[in-house]
Amino acid sequence: FFGAKDLKTCKRIIGPTVREVSQEYDLGFQWSSQDNAFIAPNGYQIWLIGLSEDGEADKLRGAAHGLVEGVIDECSTIPEDVLKYAVLDCALPALGENDGRLALSGTPGPLMSGFFYEQCQARTNFHWDPRDNPFLRVPGQRFLEQALKNNPTWTWNTPTFQREYLGLWCEDRDMLVYPYAAARNLIYEGSEFPSGRTILGV
């Protein structure tokens, strides 16, 4: 199966590649709107599933002969509770019958925390950036340099650039609702405050 945040995203990400590979190697895959799957003449299926809520993840249960392989892409765009439920409660048990494998992939999120981040740290991890992509129309290094040129305030160390172009996990404090600075925000147990001050604690 191939999962993403919704079915439309699944089709956009994997659909063109399946059709291209099927045509090049004469695999005979046909799209079935009824099953939301690419089906080969031998019955093999690449099933697409949107993971917008727990109810969608439940569709991973109950396959007649279990699942063989699974990919969930752009994990950072899927609600964390849904992703965790889909992986731990649904996909891994369904894959277990066939000793199947599950890959979690996608652009890192803005914070170094959460289920996707934890899985990236705990399991075998593969990483690449445009310099490793032989299918770009321009060399990867030039692609990256052009991105920096188009965003004059960016450097190689800018979190957005590292995340979106280099695929690296990094803390992006600008993405926080309340940007944190220890000198301003850190308090200690027993601290006293002037009257009339409002404290927001998390």
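This is a predicted model: local features need pLDDT of at least 70, side-chain atom pairs count only at pLDDT 80 or more; totals for chains, interfaces and linings use all residues.
Local features were taken at pLDDT of at least 70 and side-chain atom pairs only at pLDDT 80 or more, while totals for chains, interfaces and linings use all residues. Residues are numbered from 1 along each chain as its sequence is written, and side-chain values use heavy atoms, without hydrogens and water.

The protein chain holds seven helices and six strands. Helices (H or I, at least four residues) and strands (E, at least two) are DSSP runs, numbered from the N terminus. Along the sequence the pattern is β-α-β-β-β-α-β-α-β-α-α-α-α. Of the 202 residues, 30% are buried. Buried means under 20% relative accessible area, exposed over 50%, and partly exposed in between (1.4 Å probe, protein chains only). Among contacts (heavy atoms within 4.5 Å) with a separation of 6 or more, 56% join residues 24 or more positions apart.

The six strands form an open, mixed sheet in the order β2-β3-β4-β1-β5-β6. Pairing requires at least two DSSP bridges between two strands. β2 (30–32) and β6 (101–104) are the edge strands; each has a single partner, so one side of each lacks a neighbour in the sheet. The twist averages 20 degrees from one strand to the next. β2 pairs with β3 (37–39) in the antiparallel sense over three bridges. Trp31 stands opposite Phe38 in β3. Helix α1 (7–24) lies across β1 (2–4), β2, β3 and β4 (45–50), and runs at about 155 degrees to β4. Axes are lines fitted to C-alpha atoms, for helices over the stretch in contact; angles run from 0 to 180 degrees between N-to-C directions.

In helix α5 (140–150), Gly140, Leu144, Ala147 and Leu148 are buried. Seen down the axis of α5, the buried residues fall within an arc of 95 degrees, so they line one face of the helix. The arc is that of the directions from the helix axis to the C-beta atoms. Lys149 and Asn150, on the other side of α5, are exposed. The cover over the buried residues of α5 includes α6 (159–164).

The largest pocket has a volume of about 1400 Å³. A pocket is an open set of points on a 1 Å grid over the protein atoms alone, where a 1.4 Å probe fits, with protein on both sides within 12 Å along at least five of seven lines; lining residues have an atom within 4 Å of a point. Grid points are joined across faces, edges and corners, and the volume is the space filled by probe spheres set on them. The lining comprises 41 residues, with Leu104, Ser105, Gly106, Phe126 and Trp128 nearest the centre. β6 gives the largest share, four residues.
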